[in-house]
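Dear colleague,

I am handing over the structure below, and I would be grateful if you read the notes that follow beside it.

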Amino acid sequence: MAEVRLKPKLSTVLAAGGVGTAVTAALASLGVATYFARRVVTPEHEKKDDTWIVSVDRDDEGPDTVTLVAAPHTLSPGRYGLWLDHGDGHARVGEVVSSDLSARKSMDRTVVRELIDLDDGRLVPGPARWNSYYYCGDPGTAVGLEFEDVHVPSDVGDLPAWRVPPEEGAERPGEWAVLVHGRSAKREETLRALPLLHELGFTSLVPKYRNDQGAPPSADGRYNLGLSEWRDVEAAISYAVSQGARQVTLLGWSMGGAIVLQALDRSDYARFVVKVVLDCPVIDWGVVLSHHADLNKLPRLASMLGKALMGRKATRHLVGVAEPLDIAVTNWVARSDELRHRILLMHSRTDDVVPYGPSEELAKKRPDLITLDLWDGPLHCREWNTDSQRWERTVADFLA
């Protein structure tokens, strides 16, 4: 899930002569709440550059490096990617080599990272966009796996999907994995998991879902926070079953976790699911929305109004959704007794986008089903980037 960022200036001139202060404040809160709610459910396909490349240094005797303006994401330990030229190019960077945070101005503070490879385009000083997926492209170009482009029939149309066969000799006949990316993310978010699943013998299916770029839109063109997208996961499981799957493992990142949980609850095909792996999942949208309201310094009244606007039939048109979005049904801490599947739940205590608290609470309520793996240090959905060996070992042990 991408962080919900609001424009710096939200207010409009709502007060007119003779309008009381209380009415003006109420109208202002309603306006802010409507704007906030619409931003939450609106796909963000065009993302702005958030990183500045200061210099690129080639060294015949040591590793090549790239110097970046220091920021929490560029200082994070691990391996990451850089989108270049508005997404036309891509480079991969490794661990921090050094940093200089002594400058008074933030733009003058820098961090030097190892340059692992330039996948495409030109790596030159200037703007770039941080890529927590690390990889770019498809399973073939990114991680060297054979794959097939297939289409998964769903109620909104055919969903493009990658189908990746298992490693020869390691096949688990009839065992499939369906991988679900997060809000305003791409399928490439899941590439980090494919080599492991390939090695473990799974046939992997990575579908786009409604309102993704290149996928059919929903009737309203808005995210429904998993409350409609679950049908696309159901469609993916149905496709896998039609191709011989007898058991399915679901993997979800961020909002993909919320989608997976709704599919487990609502789909008849949930009976084919044996295990679930969730990475920094949205366990309770109410907590996440309150968190982002606080990040954007919105009054609590506006946050509460935004949730109410989403969930009521009479006001759903203000948000732009075709059907009301009942935030209460996304609270799996409250609904913990309804869970029936074994779940590996990985979350970072330093997640800056989806608070880890609900994950910890849910694991405490259902220790019979949930294996909890809490991390310290990584930002949102970046556990693999920080320590890929730990991430892969944890997942492999759970799926063994």
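Asp60 sits in the loop between strand S1 (51–57) and strand S2 (65–69), where helices (H or I, at least four residues) and strands (E, at least two) are DSSP runs numbered from the N terminus. With a relative accessible area of 83%, Asp60 is exposed (buried means under 20%, exposed over 50%, partly exposed in between, with a 1.4 Å probe and protein chains only).

This is a predicted model, in which local features need pLDDT of at least 70 and side-chain atom pairs count only at pLDDT 80 or more, while totals for chains, interfaces and linings use all residues. Residues are numbered from 1 along each chain as its sequence is written, and side-chain values use heavy atoms, leaving out hydrogens and water.

The structure holds 14 salt bridges, each being a side-chain nitrogen of Lys or Arg within 4 Å of a carboxyl oxygen of Asp or Glu. In one of them, the side chains of Arg183 and Glu44 meet at 2.8 Å, N to O. Because Arg183 lies in the loop between S9 and H3 and Glu44 in the loop between helix H1 (21–41) and S1, this pair ties together parts that are 139 residues apart in sequence; both residues are buried.

Asp64 forms a salt bridge with Arg58, with the closest N and O atoms 3.4 Å apart; Asp64 is partly exposed at 23% relative accessibility, whereas Arg58 is exposed at 55%.

Finally, Thr190, in the loop between strand S9 (175–180) and helix H3 (194–200), is buried at 0% relative accessibility.
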